[in-house]
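The following note concerns the nonpolar packing and the aromatic contacts of the structure shown below. Please read the points alongside the coordinates.

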Amino acid sequence: MKRYAQLVSSLLLAAGMWAGAAALMAAQNELSQEDWASIRTVIASQLDAFRRDDADAAFSFASPAIQQQFHTPGEFMHMVRTGYSAVYRPRTVRFLEHFVLSEQPVQPLEIVTPDNLLVVAFYVMEQQPDGSWKIAGCALEATSASSV
């Protein structure tokens, strides 16, 4: 777990998500089950958009900072296709136990890729001023395991 925490911490620092997000999350160290259900719905909806190659829908689930970084749905999808193939075309997905790290909700997913590799994707989530949830980052951690 320590290695995963370090990976997610690095993701948070690299993405520069502390500004604004910390204020929104300060009172949210213990999110409700409804919040976690909403988070899972957002992630599942984006994965579904990837499966359909629906760039507009997939982009809509990204946080404002991610949208600003990639400018257009097409640029965002290109990044996902080339750097995040595990989430772009997973064979199977299983939600793992969520947690909060440095005031940021993190939802890990166990992903089996089409070539049967096991990958853990750590989704960092950000609550928006209207209460909705957006994906603020995703870090992939390959394992030495393969699916049977």
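1. Does Y123 count as buried or exposed? Y123 has 1% relative accessibility and therefore counts as buried (buried is under 20% relative accessible area, exposed over 50%, partly exposed in between, with a 1.4 Å probe and protein chains only). Y123 is placed in strand β4 (strands, E, of at least two residues and helices, H or I, of at least four are DSSP runs, numbered from the N terminus).

2. This is a predicted model, in which local features need pLDDT of at least 70 and side-chain atom pairs count only at pLDDT 80 or more, while totals for chains, interfaces and linings use all residues. Residues are numbered from 1 along each chain as its sequence is written, and side-chain values use heavy atoms, with hydrogens and water left out.

3. The largest nonpolar core comprises 32 residues, and I43, F50, F76, V87, Y123 and M125 have the most contacts inside it (such a core is a set of buried Ala, Val, Leu, Ile, Met, Phe, Trp, Tyr and Cys residues joined through side-chain atoms within 4.5 Å). Helix α3 gives the most to this core, namely seven residues.

4. Four aromatic pairs are found in the whole structure (ring centres within 6.5 Å; planes under 30 degrees apart are stacked, over 60 edge-to-face and the rest tilted). The rings of F59 and F76 have centres 5.6 Å apart and planes at 55 degrees, so this pair is tilted. F59 lies in helix α4 and F76 in helix α6, so the pair ties together parts 17 residues apart in sequence.

Note on methods. Rings of Phe, Tyr and Trp (its six-membered ring) pair if their centres lie within 6.5 Å; planes under 30 degrees apart count as stacked, over 60 as edge-to-face and the rest as tilted.
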